[in-house]
Amino acid sequence: MAEKARIAILISGRGSNMAALVYAAKSSDCPYEIVLVASNVPDAPGLTLAQAEQIDIFAHPHKGLSREAHDTIMHDAIVRSGAEYVVLAGYMRILSDGFVRKWADHMLNIHPSLLPKYKGLDTYQRAIDAGDKVAGCSVHLVTAELDDGPVLAQTEVAILPDDDAETLASRILIAEHQLYPSALARYVTREADPDWILEQIRQRALALQETHERASFGAPGWRVGSQTTGKYFAYFAQSHHGEASVALLVKTTGLDEQAALIDVDPDLYYAPKFYGKSGWIAIRLDTGRTDWGHIAERLYKSWCQVAPKRLTRLIDIADQF
Ligand code: GRF
């Protein structure tokens, strides 16, 4: 199994979600391990449990410190632990923009409502008062706005006729304990999920000027130019075109560049079966170390190879300066 993703959990209290994550991580096929539990509350009950489970703990009260200063202390402890992801589990602090930026796309939270409904506190009573038939919980990425980042997973929980905030909260908590470990597992392994990879390619290909998507012999492909005369500059191969791996096919400047790339990194590049002779290159996307900046650059270079002159002329002029 690939190396496990390293997780730091931040808590402020009871830590029942933390416990769910800690026990999920004990399973040998779990794709993450918990390397740190940290808190702004030194006597948070969750810390005692983490320690008993032989997980490193760290606590630093926020009292008397600016938000930025406290976040920096927490950030440094997380970095020292070697964690790659921060998982908030009842961490009752608003985070500074700087901290959120440092952990962008690497920080998750669980919230007891079906986001985007009922951000903030008192979610159960608000759902009951609104006459909702279902409440629930959401796992989302953390962005600068409170409870506002992209939702990764949700579980609906029925509201019973005589529910009050407390009874509803207790059932939602059971759902949280199921949802968080599985959503985290899916997120940390997303780079191995062909659908996720395809979406990354799609976004970058369609961000280029005058592009559209069109399947070619079952493989997703992207063309530049009009719907009628457009030319392909990229294909996504997943057992298509005789390819065994998940790969992006893009055009190089010719056979020389193709050979040079394969020479530099034969684990990353290969000549694609059907397009190899015309100078296309395959870039593997299933190595677990995809450099998305590099992918965007190769898509752009390929686009430049086939885009109509009227689109590349301005770029050629700019290149002269
Ligand atoms: C949970 O209800 C969670 O949704 C919210 O804070 C609570 C934390 O509970 N973010 P616990 O500390 O995990 O038991």
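Helices (H or I, at least four residues) and strands (E, at least two) are DSSP runs, numbered from the N terminus. By that assignment the protein chain of this predicted model has 10 helices and 13 strands. The C-alpha trace spans about 65 × 45 × 45 Å along its principal axes. Of the 321 residues in the protein chain, 48% are buried, where buried means under 20% relative accessible area, exposed over 50%, and partly exposed in between (1.4 Å probe, protein chains only).

Residues are numbered from 1 along each chain as its sequence is written, and side-chain values use heavy atoms, with hydrogens and water left out. Because the model is predicted, local features need pLDDT of at least 70 and side-chain atom pairs count only at pLDDT 80 or more, whereas totals for chains, interfaces and linings use all residues.

**Ligand site**

- The ligand sits in the largest pocket. A pocket is an open set of points on a 1 Å grid over the protein atoms alone, where a 1.4 Å probe fits, with protein on both sides within 12 Å along at least five of seven lines; a molecule sits in it if more than half of its atoms lie within 2 Å of its grid points.
- The residues around the ligand are Arg14, Gly15, Ser16, Asn17, Gly90, Ile110, Pro112, Tyr124 and Glu176, a residue being counted if one of its heavy atoms lies within 4 Å of the molecule.
- This shell divides into 3 nonpolar, 4 polar and 2 charged residues. Ala, Val, Leu, Ile, Met, Phe, Trp, Tyr, Cys and Pro count as nonpolar, Asp, Glu, Lys and Arg as charged, and the others, Gly among them, as polar.
- A polar backbone atom of Ile110 is 2.9 Å from a nitrogen atom of the ligand.
- Taken alone, the ligand exposes 370 Å², of which the protein buries 86%; accessible areas come from the Shrake-Rupley method with a 1.4 Å probe.

**Backbone geometry**

- Most residues other than glycine have a negative phi, and most peptide bonds are trans.
- Leu115 and Pro116 are joined by a cis peptide bond, with omega about 10°. Pro116 is placed in the loop between strand 5 (107-111) and helix 5 (123-129).
- Tyr118 is also found in the loop between strand 5 and helix 5. Its phi is positive, near 55°, and Tyr118 counts as buried at 17% relative accessibility.
- Phe217 has a positive phi near 50° and lies in the loop between strand 8 (211-213) and strand 9 (221-224). Phe217 is exposed, with a relative accessible area of 78%.

**Asn40 and its contacts**

- Asn40 is located in the loop between strand 2 (32-39) and helix 2 (45-52), and counts as buried at 4% relative accessibility.
- The side chain of Asn40 forms polar contacts with the side chains of Ser12 (2.8 Å) and His62 (3.1 Å). A polar contact is a pair of N or O atoms within 3.5 Å; within protein, one must be able to donate a hydrogen and the other to accept it, and residues adjacent in sequence count only if both atoms are side-chain atoms.

**Gln305**

- Gln305 belongs to helix 9 (residues 292-306) and is partly exposed, at 36% relative accessible area.
- Gln305 and Phe233 are 72 residues apart in sequence, yet 7.8 Å apart in space, C-alpha to C-alpha.

Note on methods: On a 1 Å grid over the protein atoms alone, a cavity is a set of points where a 1.4 Å probe fits but cannot get out, and a pocket is an open set with protein on both sides within 12 Å along at least five of seven lines; lining residues have an atom within 4 Å of a point.
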